[in-house]
Structure formats: C-alpha cells, structure tokens
Amino acid sequence: MQDIEYEILKDCNFNEVSVADIVIDSRKVTQNSLFVCLRGSQSDGHDFIFEVAQKGAAAIIVDKLEANYSSIPQNLPIIKVNNARRALCVISANFYSRPAKKLRLFGVTGTNGKTSVTYMIENILRQISNTGLIGTIGLHFNGEPVNIPFATSTTPDPQELHQILDYILQNGGQNVIMEVSSHALKLHKVDGLFFETAIFTNLTQDHLDFHRTMDNYLACKVRLFTRAKNGIINVDDKYSQQIIDLGTCENWITYGIDNDCDIKAVDIKNLDEGSAFSIAINGTLEQFFIPTKGLFNIYNALAAIATALSVDVSLSQIKAGISSFAGVPGRIQIVPNNKGLRVLVDYAHSPDGLVNIINAVRNFTEGKLITLFGCGGERDTEKRPIMGRIAGELSDHCIITSDNPRSESPETIIAQIQDGIKETSCTFDSFVDRKTAISHGISIMQPGDSLIIAGKGHENYQLIGKNTFPFDDFEIAKSILD
C-alpha cells in the first residue's frame, strides 16, 4: 500500500498477504486476488464482498464503511481508502513495478480522430524505436496485435493498463501511444501517469449521457494537459484556447488549416491515391503525402507530425511514417468487390464524425451518396435527431437502422433519428435489422454510387438487450457483395 493513505478495518496479518492479481470485476476473482471495490453507474463493488470472500480473495479495498464488514470471514483483510479509483492506479503501478516511469508516453484525446492519430504517430515512431499502441482497436506492439484483452472500449482500467505497459517495457518498448478517453480521465484511470506529449484533436457533442454538459466534457479533456510536458492542439477547434489557458504544459504546438498556427497545412491537393499538402517548418516549405483521403485525415496527419516534431524526430522519418500509413481498420475502409460499387465502412458515430465522413466521400463520388447508420442505445439521446438532420442534408438517400441498441427499443431510437431527417428533403428507408439494411443499401446502388456504412467501424459484435452477437459490418457487406 505504498503511497496511499489507508485504514485497516480488519488486519488479519495483512502485511503477510500474497496477492496474485488485482481485480475489479467480482466474476474474475480467483484465489489470492486483491479485489478493489469500485462504485459505478450500474453496480457497486461493495455489494459483492461476500461473493469474492467465498472465492478466496486475498484482501479487499473499500472506500465506504459498511456495518456488515464484521461478518466477513476473519481471515480476510479489509482496507479502507479515501478514493478506490485513485488508489487502484497507485496499487496497479506498484504491483507491476511502475513500468510507466521507464517509458515515454503519448496521450491522444478528443471526440473524433483519436484512433487514426495514434496509428499515424505509431507509424512514425516505429521508424526510430520499439513502440506500443493502446486504444479502441486493442493493443499493438511494433505494428502487430498482442492478445492482452481489456474490458473497456478505449482506455484500459488501471490494473490492465499497467499490465500492458509492463509487457511493452519487458519486450524492449520505449514509446507508448494511447487513446485517452474523457471517461478515463473522469474515472481517474490515468492518474499517476505523466505524458511526454498530449494531443487534442477536437471536441464536439458526444457522451453527454455521461458528462451532462459540454463544459463538463471539456473539463475532463483538460485534465490530460495538466500531466504532460508538451501539448499539441488543433487551433481550428473552438475549444482549443480554453485547453491552452487551463492546461499546464511546458510547451505548446498548435496545428490547423484555417487559423494561424505553428503547423499549418497549405497547398492542399486531393489526389487519386491520397492527399498532398505543405507545411512551413523552420522557414522551409516541406511537402507531405498521406495515402488517405478527406480533410479530417489531413488534420490527423498534422497532429501526428506536430507530435513527432515535439520529440525531435527528423523530417525524413516523419515523412516516411506518414507516407506509408496504411489506414485504420473500420476507418473509411473500402469493401472490395467486382461490381464497380463503392461501399465503405466507417466508425463515425457522432454528429461531427458523420459530417466528416460524408463530406470526404462526397469528394470522390460521381453518383448518389447513400448513408446507412444508427445510434447506440443507452447513450446520448440528444444527438440522434441531430445526426438524422446532418445525414439528410448531406446525403442523397439515407438508411436508418440499429447500431448497438442495448436494452433500448431499436424502433424508438430509429424514430428519434427520423425526427431529424424529416426536417430535410432527403429520402430514407428504415430497417431494424442491420444486416437487412446493409443488403438493401447495396441492392439499390448503381455504378458510381457510394454507400457509407457508419457507426460501428472495426467492431465485430452487436449489443442487443444484454446479449452480444457476432456482427462485422465489413464482413457482412463483403459476403453480400460476393
């Protein structure tokens, strides 16, 4: 319990306890697990103390007093801390001998673009060192996936995160790039970590079911810039100056396209094979190429370039990393076919994300642009009609369907999206079953048309009720096209 204020409620020779692992999910407790009781929106770990005691937990960490602790088996130590989430960070770091202290960390936060930016930075840093990547698509080391699963969708919980950092360190890693979500910052998942460089992509409406207001959302993002040496900021985002004003980074590097900044893209060209642009660096106009399309991908590239410059990576290595960037699974991912149809899968699931993907695809669509999407259940309900209106204004036809409805009625979610699309003149169809929707979208296409299948991207599952079903937009579309 080094570096933590604590009170032993039941000693039971606590100093002699042998801990095999750290667990926050009572279902995963095994013999000699240290169980940390966390209070969440759906459940409270304190309610499972008797269950984990029976499973052979070595000790239990709590942050609230319960009258019935005295009835727990006498050989089970119980330790009270002020905040179990913050204590979990310290305990996890100590358990793995503080691997983060020996690694150079890069954290990317923002509503959209986090995954793409981390992949671009990884591709640059791999030119100079062994590099790990942690984020929405899992764990990668030197470009290869590593089978260390973690429970949450973007930023691992502390006990998983420090296990991953230890793996990277033990295998010769030097740099780690990670997506840092607003949830992770709010829930103290990265407490105790200090980042070499923190990157801000943008802030648009999302996750208000969790944060309630945009001010709360912004405040969580700012936290990353109070624990980093360098701050990389998208100056074209309206929240950028607030992050600079509230952050405590030693050095700031701004990037953008529209406003004056340190790393500004000019002479932008949309090419058949990607995008080209120039940046004035040290008085010289340097030319860059990325093999991906869309203005938002240029923003992502600028973030990666600024990050690399913050740690003195050479221009030749930066250009090599950017130009060889192979893209991200589920981000403008083209489904191959021999029918002359352009079908793309993308993870866009926020209003701004939908704007970006539709505008990007519109630039290379000769025929009609069809947008297929839904909205997740038990999440920000306010964005549903907004996304419907956006899709209707920017598309030639829309198909509204289920995303991950969870325990909400998919018909209700679809109706809320329809409220927005009905404010436009766009035609639309609705199908509760996502596979049926994809099949219909492909069936109405003509050569030259584009179909965007948005919302799930790389995900290979669908959450319906309390069940998880296999579902992969890319594979479903590919099988229909085949």
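This is a predicted model: local features need pLDDT of at least 70, side-chain atom pairs count only at pLDDT 80 or more; totals for chains, interfaces and linings use all residues.
Biologist: How many aromatic pairs does the count come to?

Modeller: Rings pair if their centres lie within 6.5 Å. By this rule the count comes to 4 aromatic pairs.

Biologist: Is the pair of Phe-95 and Tyr-96 stacked or edge-to-face?

Modeller: A pair of aromatic rings is described by the distance of the centres and the angle of the planes. For Phe-95 and Tyr-96 the centres are 5.0 Å apart and the planes stand at 80°. Planes over 60 degrees apart count as edge-to-face, so the pair Phe-95 and Tyr-96 is edge-to-face.

Biologist: Are the rings of Phe-277 and Phe-288 stacked or edge-to-face?

Modeller: Their centres lie 5.8 Å apart, with the planes at 15°. Planes under 30 degrees apart count as stacked, so the pair Phe-277 and Phe-288 is stacked.

Biologist: Which strands hold Phe-277 and Phe-288?

Modeller: Phe-277 is buried at 1% relative accessibility, and Phe-288 is buried at 4%. The pair ties together parts that are 11 residues apart in sequence, because Phe-277 lies in strand β16 (residues 274-281) and Phe-288 in strand β17 (residues 284-290). The strands asked for are β16 and β17.

Biologist: Which residue lies over the face of Phe-288?

Modeller: A Lys counts as sitting over a ring if its NZ is within 6 Å of the ring centre and within 35 degrees of the ring normal. At 5.5 Å from the ring centre of Phe-288, the residue over its face is Lys-319.

Biologist: Is Asn-404 buried or exposed?

Modeller: Asn-404 is found in the loop between β21 (397-400) and α13 (410-421). Beyond its neighbours within four places in sequence, its contacts include Gly-376, Lys-456 and Tyr-461. Of these, Lys-456 lies over the face of Tyr-461, at 5.1 Å from the ring centre. With a relative accessible area of 3%, Asn-404 is buried.

Biologist: Is Gln-31 buried or exposed?

Modeller: Gln-31 has its place in the loop between β2 (21-23) and β3 (33-36). Leaving aside neighbours within four places in sequence, Gln-31 is in contact with Ala-20, Lys-55 and Gly-56. Its relative accessibility is 55%. Exposed means over 50%, so Gln-31 is exposed.

Biologist: What arc around the axis do the buried residues of α15 cover?

Modeller: In helix α15 (residues 473-481), the residues Asp-473, Phe-474, Ile-476, Ala-477 and Leu-481 are buried. An α-helix has 3.6 residues a turn, so residues three or four places apart point the same way.

Biologist: Which elements do the buried residues of α15 pack against?

Modeller: At the start of α15, a side-chain oxygen of Asp-472 reaches to within 2.9 Å of the backbone nitrogen of Phe-474. Phe-474 is among the buried residues of the helix. The buried residues of α15 pack against β18 (333-334), β19 (342-346), α14 (434-443) and β23 (450-454).

Biologist: Which strands stand at the edges of the open sheet of 9 strands?

Modeller: The order in this sheet is β9-β8-β7-β10-β6-β11-β12-β13-β14, with mixed pairing. An edge strand has a single partner, so one side of it is left without a neighbour in the sheet. The strands at the edges are β9 (144-146) and β14 (263-264).

Biologist: Which residue of β8 stands opposite Gly-132?

Modeller: Strand β7 (residues 131-135) pairs with strand β8 (residues 138-141) in the antiparallel sense over 4 bridges. The residue of β8 opposite Gly-132 is Phe-141.

Methods
Residues are numbered from 1 along each chain as its sequence is written. Side-chain values use heavy atoms; hydrogens and water are left out. Rings of Phe, Tyr and Trp (its six-membered ring) pair if their centres lie within 6.5 Å; planes under 30 degrees apart count as stacked, over 60 as edge-to-face and the rest as tilted. Helices (H or I, at least four residues) and strands (E, at least two) are DSSP runs, numbered from the N terminus. Buried means under 20% relative accessible area, exposed over 50%, partly exposed in between (1.4 Å probe, protein chains only). Contact means heavy atoms within 4.5 Å. A polar contact is a pair of N or O atoms within 3.5 Å; within protein, one must be able to donate a hydrogen and the other to accept it, and residues adjacent in sequence count only if both atoms are side-chain atoms. Two strands pair if DSSP finds at least two bridges between them.
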